[in-house]
Amino acid sequence: MASLRSNLPNLDWSEVQQGEITYLEMPPLETEPAAIAVLFAAQVNGGLGAVLQQLQQPLPDTFTLPIDVSSPETIRRSLQPFTVAAGDDINMRWFRNPSADGTYNVNTAELGLLQQAAAELRAEPKDLEPLNDAIREFFARRVEAYVKQGLAGIESYDIDGKQVAAGDYLAGSLQPLQVVSKLEPGFYQAFLEYPQLEAGSTDKSPYQHHFFLVVENDNGQRITSLRHWMLEQRDNSALIAERKFYISHSLDAMHTLIYIEQAADDRSYVVLSNTTFTQKVTGMGQFIAHKVGRAKIETTIRPMLVSLQNAFR
């Protein structure tokens, strides 16, 4: 924690110790997509184990589906509970008539899968099962490719006639987290290069990996994403890295890193770094993307820290 403080001189640690959730906007990314990076720090009146357990609880009004990635079969079984209904939200309109219009992050092969199912639905409007099967297969293929190859397994998206190399930009979006790369190079590299560093290794990995399909409510719109959660726990500290791939949003992806350290008096300090980015806007549109990114942070990240503090009052 002392090293972290020395690397973040602009954070007011006296406010953190008084219970304030302190916010720091990080330098802009030197990558092509519009992006915003911020950092939060907070004090929580609870020990490390209790804080970790609380962090793993789903946020209110959020559907979180754990995915077992041990085999292609378990991935598909895990996704079976996910369905869309006839009267479902705004996303249902796109699923009924999927197109490469920038609404969803899809490529040509995925689009063909969904368009065929949508055509079957138009022929049999009451039979939603073929469409649900296609949507679950859409998610399963992405999870399977990512588990096998990491960022390299993410196929390019076809958005408004151009290809977007999502994996390259996700790697680039870790740039603001240089503090973590200096203080915890092994953790940083393992997250960046997942699963390559652990493939074929005979040593027991210090990292726990968890995968989820998440549906959040954001101002009345449901946002669907796939999430990879990586945890390393020590005696009195823990590091968590989270990577979210948005399926339908003005943002493409989000990276979050959380450092937790338990102090001697059974209080914990939580430092959270967050980066969001998008390829859907360029030029003056980047200002809008930054605004959306800040709004997303305020509606997701700050409430998470507030709920943490409230849980241990």
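Predicted model: local features only at pLDDT ≥ 70, side-chain atom pairs only at ≥ 80, totals over all residues.
**View 1. Helices α4 and α8 mark the two ends of the confidence range among the chain's elements.** pLDDT is the predictor's confidence in each residue, from 0 to 100. Helices (H or I, at least four residues) are DSSP runs, as are strands (E, at least two), numbered from the N terminus. The pLDDT averages 79 over the chain, and 77% of the residues score at least 70. Over residues 281–285 it is below 50.

**View 2. Helix α7 spans residues 129–149.** Its 21 residues reach 30 Å from first C-alpha to last. That is close to the 30 Å expected at 1.5 Å a residue, taken as 1.5 Å times one less than the number of residues. Gly150 follows α7, with a positive phi near 65 degrees.

**View 3. The largest nonpolar core has 35 residues.** Such a core is a set of buried (under 20% relative accessible area, 1.4 Å probe, protein chains only) Ala, Val, Leu, Ile, Met, Phe, Trp, Tyr and Cys residues joined through side-chain atoms within 4.5 Å. Among those with the most contacts inside it are Ile67, Phe82 and Phe139. Helix α7 gives the largest share, nine residues.

**View 4. Ile67 has contacts (heavy atoms within 4.5 Å) with residues including Leu79, Val143 and Phe211.** Ile75, Ser78 and Leu226 are also among its partners.

**View 5. A second, separate core has 24 residues.** Val44, Trp229, Leu231 and Phe312 are among them.

Residues are numbered from 1 along each chain as its sequence is written. Local features need pLDDT of at least 70, side-chain atom pairs count only at pLDDT 80 or more, and totals for chains, interfaces and linings use all residues, while side-chain values use heavy atoms, leaving out hydrogens and water.

Definitions and conventions: Buried < 20%, exposed > 50% of the residue type's maximum accessible area, 1.4 Å probe, protein only. Lists of a residue's contacts leave out its neighbours within four places in sequence.
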